[in-house]
There are 2 protein chains.
Amino acid sequence: MLAGRMMDFPLTLTHFLERARTFFGRNEIVSRLPDKTLVRSTYADFHRRTGKLANALSRLGVGQGDRVATLSWNHQRHLEVYLGAPAMGAVVHTLNLRLHPNELGYIANHAEDKVVVVDRSLLPLFRKFADQVRSVRHVIVIPDLPGDTKTSAEIDYEELIAPEKDEFAWPTLDERSAAMICYTSGTTGNPKGVVYSHRSTVLHSLVSCMADTIGVREGDTVLPVVPMFHAAAWGLPYSAIAAGSRIVFPGPHLDPQSLLDLMAAEKVTLAAGVPTIWLGILQLLDQHPGKWDLSTVRSMVIGGSAAPPSLIDGFKARHDLDVTHAWGMTETNPLGTLARVKNGLSGSDDATKLGCKASQGYAVPFVEQRHVGEDGAVLPWDGETMGELEVRGPWVASSYFGAEGADRFTEDGWFKTGDVVTIDHEGYLRITDRSKDVIKSGGEWISSVALENALMSHPAVLEAAVFAARHPKWTERPLAAIVLKEGKTATKEELSAHIEAKFAKFWLPDDYVFMAQIPRTSTGKFLKTKLRELHGDHLEKQGASD
Amino acid sequence: MLAGRMMDFPLTLTHFLERARTFFGRNEIVSRLPDKTLVRSTYADFHRRTGKLANALSRLGVGQGDRVATLSWNHQRHLEVYLGAPAMGAVVHTLNLRLHPNELGYIANHAEDKVVVVDRSLLPLFRKFADQVRSVRHVIVIPDLPGDTKTSAEIDYEELIAPEKDEFAWPTLDERSAAMICYTSGTTGNPKGVVYSHRSTVLHSLVSCMADTIGVREGDTVLPVVPMFHAAAWGLPYSAIAAGSRIVFPGPHLDPQSLLDLMAAEKVTLAAGVPTIWLGILQLLDQHPGKWDLSTVRSMVIGGSAAPPSLIDGFKARHDLDVTHAWGMTETNPLGTLARVKNGLSGSDDATKLGCKASQGYAVPFVEQRHVGEDGAVLPWDGETMGELEVRGPWVASSYFGAEGADRFTEDGWFKTGDVVTIDHEGYLRITDRSKDVIKSGGEWISSVALENALMSHPAVLEAAVFAARHPKWTERPLAAIVLKEGKTATKEELSAHIEAKFAKFWLPDDYVFMAQIPRTSTGKFLKTKLRELHGDHLEKQGASD
């Protein structure tokens with residue numbers, strides 16, 4: 001080959017950190033504390049404090065490749081670790097505070113965390129698993145609550161960095177070196193660590209700033225509702241810094257009222273979170289239309305699990321708010337696909353456009369998508385054939401930390417997502433299920449997500465989860481778990497009537513179970529294993545026979 | 001180090017080519033031929049034809065690293081070579097049709113071009129240097145004119161690709177392999193070859209699509225007025241394909257009337273070209289306000305040399321057209337900096353904002369900038385101190401093809417641009433001169449560009465070039481070459497009076513020379529060596545003494 005003659009300039013997060021100071025020093029970072037007070041800072045201050053932190057960590061003995069764990073809500077000090085640790089050559093490891101302490105202990109041990117940075121408000125949780133973690137040398141406590149509850153062995157974050165110099169001599173790093181470790185919170189098996197590189201995170205950030213993806217820009221005020229312990233808050237802290245955006249961190253207050261108050265008061269333009277968050281927000285907006293001035297909001301990114309079309313349409317139709325529906329996983333850094341209405345379809349009827357916006361979209365630049373059958377054969381993009389989604393690209397995991405999960409990677413270099421999808425001829429993909437939740441009735445696949453979306457468009461239904469119940473004749477049949485909206489009622493017959501025109505008869509749920517709430521994973525996804533555990537014998541008990 | 005565990009997915013142009021077909025097959029590519037007819041095609045068709053071309057080139061013996069030269073205007077077949085050659089592992093080499101045939105011969109020999117693809121309309125030019133080029137094995141003629149003027153040794157492009165298969169098995173390439181060679185058309189010394197890699201071109205394209213840079217998007221109709229033989233038409237063909245934008249190619253018709261007709265008829269949203277082009281267009285718009293409907297135009301990118309503020313302001317004030325002023329060089333792929341008004345400055349007065357928009361801007365993500373004194377010391381960002389601009393980044397050249405020009409690269413990894421600039425505390429840089437054109441009067445530097453901008457804001461002045469004339473006492477003094485607008489007059493005294501309030505007295509030109517046109521380089525820049533050759537002794541002849 002003839003080699004290009006361009007500089008071997010590494011794609012590392014250090015560039016974003018320095019760029020933020022150089023060009024955007026005045027831009028603001030706002031953090032909401034547990035007591036709801038707002039702390040206002042700037043990129044210049046953030047840069048200084050990040051330099052101090054790196055000097056302090058260095059003094060504590062943190063070196064290249066060492067893991068610095070965080071057990072924190074979304075706020076500026078968390079961001080300082082997000083940039084400071086990777087830029088000094090260490091690796092930030094975000095611990096998911098919604099996990100069981102035993103899981104957290106397992107994960108911190110598995111990652112061999114050397115330092116843990118923990119919010120004072122989360123110390124009680126940390127202490128439940130601290131003893132299990134053998135590798136930790138230092139515990140640094142972020143004083144997000146007043147008072148001093150730390151032990152003498154713990155270090156106060158502010159006291160630690162105060163005496164340090166602002167400037168740190170950031171080393172030149174290999175772009176393929178690790179920047180962050182994030183564990184998947186799978187519902188089966190042990191959690192598995194995904195190791196993002198500087199390169200993957202940088203490329204992910206650049207693509208997130210493209211006009212046709214999320215389009216993060218300096219003029220944005222970004223509100224990452226999605227926690228920084230979930231797949232790097234979808235990379236938003238990094239793309240915001242790359243663009244110089246104003247950032248507003250919600251802290252621990254993720255209830256609809258608190259979020260709406262913050263969005264309105266801080267004139268947020270871009271917010272991002274999982275469907276559960278937005279379902280709650282839509283419900284509150286519907287109850288108090290016009291109460292909050294959300295005119296600055298240009299986009300609300302929804303991902304993490306499939307959002308029902310009624311949610312996307314509801315925001316637009318009733319509140320003129322635009323949703324950007326995206327798909328990704330911890331293993332994809334996480335942005336994989338994004339539901340943008342293509343230019344050639346912008347003249348279509350509203351239903352077609354909603355169909356695009358409510359799909360999981362098509363792959364963003366440098367992600368490639370395909371779906372395959374149970375035999376591994378690549379399937380046609382006909383909008384009907386269901387198969388497991390596989391993706392590849394420079395920000396897709398090639399393996400997990402340690403030896404786990406090798407069966408998730410194909411021999412020809414694709415990652416098996418575990419999501420079952422259809423892909424239409426335009427490339428729009430639609431999740432029909434998680435592969436482990438697929439309902440197989442008499443050999444035919446039935447999409448639980450399609451049924452759930454249809455059920456959630458019923459005015460009385462808050463949430464619907466469709467799952468496989470055992471059946472003596474058909475092996476499995478769909479059963480629907482329903483949560484009704486407060487004060488609303490609906491019968492099985494009404495729900496069945498509401499959806500029967502949309503599906504083949506054999507797709508319709510055999511029965512409905514009304515619940516106060518649907519069990520969820522720590523990331524807010526429906527926990528269908530639990531539903532099957534609770535109600536898997538429902539049809540057998542009814543004596544079903546056909 | 002701890003390595004990331006992400007896929008080693010190469011950043012190659014092949015991804016863009018395949019993505020364009022996969023998601024944007026219906027999108028249009030329009031090419032204007034020499035006879036002004038418009039040829040309409042689609043990305044799907046473009047992809048098919050590019051596959052055919054690769055099969056044909058492969059059959060002709062073109063292998064990895066081989067150079068495929070083009071001598072072509074901007075049109076779709078040129079684009080086919082732009083993508084097809086790199087994606088098959090060969091290297092596209094764009095020959096600048098404005099150069100002297102001897103220079104072209106030198107360049108084609110130096111690059112060791114194996115195949116030359118040439119427009120039939122440019123065959124007469126090609127034949128002037130064809131004999132000098134020893135490496136060429138095949139000449140492929142693009143039939144952009146009717147008739148058949150090729151010799152039996154030459155191959156017709158359409159006949160060549162017609163029998164080939166649509167699909168080519170694109171190889172997996174190293175992202176650091178060469179994709180394109182482009183020669184700088186320096187005014188001194190031999191032309192030097194810059195070798196873009198796939199990686200550099202891909203990263204440049206992603207950054208060009210960022211919301212806060214050029215923001216190339218699918219909804220754009222992109223008109224690259226800048227020739228594809230100038231620094232890859234600023235990468236626009238690649239970023240347009242990355243985004244799936246509609247593309248309109250102007251062919252050889254680059255006069256203001258033809259361009260305005262095309263912009264209005266094809267509803268262009270984004271056009272890009274050098275200041276000379278836009279000066280002509282502004283003049284014609286001023287003569288016929290409202291004649292063309294340019295309401296679809298969202299941005300006109302101006303680069304290649306410094307655009308006068310009066311041009312940028314004129315478009316906005318008189319025609320409500322937005323200019324994006326950018327800086328780059330062949331050696332920077334080429335986008336280096338871009339003049340965006342930062343959010344924190346958007347509330348400033350109009351003069352401040354125009355000062356930002358008319359500057360060369362600040363570095364785009366992953367480009368780093370500094371300026372240095374004659375001793376190599378890094379200078380302060382005070383908006384006043386002049387020094388040579390140096391840049392670095394993953395799409396900045398690290399060396400030239402062959403051994404030439406090693407003195408342009410610093411030991412600590414920066415490229416010396418040869419542009420003399422100031423940088424203000426916000427990071428906005430302003431070109432004051434080319435280093436070789438700097439006017440040094442009694443040891444003090446005088447900015448010719450600042451004087452030119454001031455002179456061009458006079459209503460009678462079409463163009464002004466300020467250059468160094470020899471002076472017995474001060475060594476050099478500024479002399480202004482002036483081209484007046486048709487039918488307008490201005491005296492030396494009037495011009496001097498127009499600018500004297502804006503500069504220190506010793507900056508003002510000692511004299512004015514009125515000319516019919518200012519000599520230019522092949523890329524449209526003022527050729528100040530020629531001005532010095534013609535008028536360098538002007539003051540000596542006048543008997544100047546102080």
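Predicted model: local features only at pLDDT ≥ 70, side-chain atom pairs only at ≥ 80, totals over all residues.
View 1. The side chains of Arg199(A) and Glu175(B) meet in a salt bridge, at 2.7 Å from N to O. Because Arg199(A) belongs to helix H7 of chain A, whereas Glu175(B) sits in the loop between helix H6 (157-161) and strand S8 (178-184) of chain B, the pair joins two chains. Helix H7 (residues 198-208) of chain A is itself mostly covered, with 11 of its 11 residues buried, among them His198(A), Arg199(A) and Ser200(A).

**View 2. The contact between chain A and chain B.** Chain A and chain B each bring 82 residues to the contact, and the area buried between them is about 6,400 Å², of which carbon and sulfur atoms give 62%. Arg5(A), Met7(A) and Phe366(A) supply 14% of the area that chain A buries against chain B, which is more than any other three residues. Eight salt bridges are counted between the two chains; one further pair to inspect is Glu218(B) with Arg340(A), whose side chains meet in a salt bridge at 2.8 Å from N to O.

**View 3. A salt bridge between two strands of chain A.** Arg370(A) forms a salt bridge with Glu390(A), and the closest N and O atoms are 2.8 Å apart. Since Arg370(A) lies in strand S17 (residues 368-372) and Glu390(A) in strand S18 (residues 387-392) of chain A, the pair ties together parts that are 20 residues apart in sequence. Both Arg370(A) and Glu390(A) are buried.

View 4. Glu266(B) and Arg246(B) form a salt bridge in which the closest N and O atoms are 2.5 Å apart. Glu266(B) is in the loop between H10 and strand S12 (270-273) of chain B, while Arg246(B) is in strand S11 (residues 246-249), 20 residues apart. Glu266(B) and Arg246(B) are buried. Elsewhere, salt bridges that share partners join Asp8, Glu175, Arg176 and Arg199 of chain A and Asp8, Glu175, Arg176 and Arg199 of chain B into one network.

**View 5. Crossing helices H10 and H11 of chain B.** The axes of helix H10 (residues 256-265) and helix H11 (residues 275-287) of chain B come within 9 Å and cross at roughly 80 degrees, and H10(B) and H11(B) are therefore roughly perpendicular to each other. By class, their contact has nine nonpolar, two polar and no charged residues, including Leu260(B) and Met263(B) in H10(B) and Trp278(B) and Leu284(B) in H11(B).

How values were computed: Residues numbered from 1 in each chain as written. Chains lettered and ligands numbered in written order. Heavy atoms only, no water. Buried < 20%, exposed > 50% of the residue type's maximum accessible area, 1.4 Å probe, protein only. Helix = DSSP H or I, 4+ residues; strand = E, 2+ residues; numbered from the N terminus. Axes fitted to C-alpha atoms, helices over the stretch in contact; angles between N-to-C directions. Parallel < 35°, antiparallel > 145°, perpendicular 65-115°, else oblique. Contact = heavy atoms within 4.5 Å. Nonpolar A, V, L, I, M, F, W, Y, C, P; charged D, E, K, R; others polar. Buried area = accessible area lost by both parts, 1.4 Å probe. Salt bridge = Lys/Arg side-chain N within 4 Å of Asp/Glu carboxyl O.
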